[in-house]
Amino acid sequence: QVQLVESGGGLVQSGGSLRLSCAASGSIFSIYAMCWHRQVPGKQRELVAAITSGGTTNYADSVKGRFTISRDNAKNTVYLQMNSLKPEDTAVYYCNADLVPKEADRNVYWGQGTQVTVSS
């Protein structure tokens with residue numbers, strides 16, 4: 001069974017940094033795009049950053065120049081380096097992966113989420 005597990009969230013002061021990790025485990029044949037989303041209570045989940053299997057990246061305008069997404073294909077892991085954090089970055093951060101399990105059809109899998117809180 002495929003699982004995505006995030007780690008690295010926490011409480012940080014405004015201007016600080018955090019690095020999130022998301023590892024995909026289980027019987028996986030291949031992984032296409034991997035993404036980070038975030039959600040604030042009462043608002044829709046929004047895409048923060050995405051990275052293809054080839055390393056092409058895309059960012060929300062609100063995080064460009066501050067956040068960097070990367071991945072280690074050998075470890076089936078995606079990272080989100082978050083610098084110059086602002087209180088408005090406070091949210092639950094979720095990773096997802098578009099992947100093909102070895103014994104199932106291609107699908108998008110989600111992690112359980114990790115809380116990021118930025119104090120002013």
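Predicted model: local features only at pLDDT ≥ 70, side-chain atom pairs only at ≥ 80, totals over all residues.
**Exercise 1. Isoleucine 69**

Solution. 
Step 1. The C-alpha atoms of isoleucine 69 and alanine 49 are 6.5 Å apart, with a separation of 20 residues in sequence.

**Exercise 2. Arginine 38**

Solution. 
Step 1. Arginine 38 belongs to strand β4, residues 28-39.
Step 2. Beyond four places in sequence, residues in contact with arginine 38 include Gln44, Arg45, Glu46, Val48, Ser62, Val63 and Phe67. Glu88, Asp89, Ala91, Val92 and Tyr93 are also in contact with arginine 38.

**Exercise 3. The cysteines**

Task: State how many disulfides the structure holds, which cysteines are joined, and where cysteine 35 stands relative to the nearest cysteine sulfur.

Solution. 
Step 1. The structure holds 1 disulfide. Cysteine 22 is joined to cysteine 95, with an S to S distance of 1.9 Å.
Step 2. This pair links distant parts of the chain, 73 residues apart: cysteine 22 lies in strand β3 (residues 18-25) and cysteine 95 in strand β9 (residues 91-101).
Step 3. The torsion about the S-S bond is about 45°, so the disulfide between cysteine 22 and cysteine 95 is right-handed.
Step 4. Cysteine 22 and cysteine 95 are both buried.
Step 5. Cysteine 35 takes part in no disulfide; the nearest cysteine sulfur belongs to cysteine 95 and is 9.5 Å away. A disulfide needs sulfur atoms within 2.5 Å. Cysteine 35 has 12% relative accessibility and counts as buried.

**Exercise 4. Charges over rings**

Task: Which arginine lies over the face of tyrosine 79, and which over the face of tyrosine 94?

Solution. 
Step 1. Over tyrosine 79 lies arginine 19, 4.1 Å from the ring centre.
Step 2. Over tyrosine 94 lies arginine 45, 3.7 Å from the ring centre.
Step 3. For ring-to-ring pairing, the count of aromatic pairs in the structure is 0.

**Exercise 5. Strand β9 and its partners**

Task: Explain why β9 is described as largely enclosed, then work out how β9 is joined to β4, β11 and β10.

Solution. 
Step 1. Of the 11 residues of β9, 10 are buried, so β9 is largely enclosed by the rest of the structure.
Step 2. β4 and β9 run antiparallel and are joined by 9 bridges. Valine 92 in β9 has glutamine 39 opposite.
Step 3. β9 is joined to β11 (residues 114-119) by 3 bridges, again antiparallel. Here valine 92 stands opposite glutamine 115.
Step 4. Between β9 and β10 (residues 107-110) there are 4 bridges, and the strands run antiparallel. Alanine 97 is placed opposite tyrosine 109 of β10.
Step 5. β9 and β10 form a hairpin, with 5 residues between the strands.

Terms used
Residues numbered from 1 in each chain as written. Heavy atoms only, no water. Helix = DSSP H or I, 4+ residues; strand = E, 2+ residues; numbered from the N terminus. Contact = heavy atoms within 4.5 Å. Buried < 20%, exposed > 50% of the residue type's maximum accessible area, 1.4 Å probe, protein only. Phe/Tyr/Trp six-rings, centres within 6.5 Å; stacked < 30°, edge-to-face > 60°. Lys NZ or Arg CZ within 6 Å of the ring centre and 35° of its normal. Pairing = 2+ DSSP bridges.
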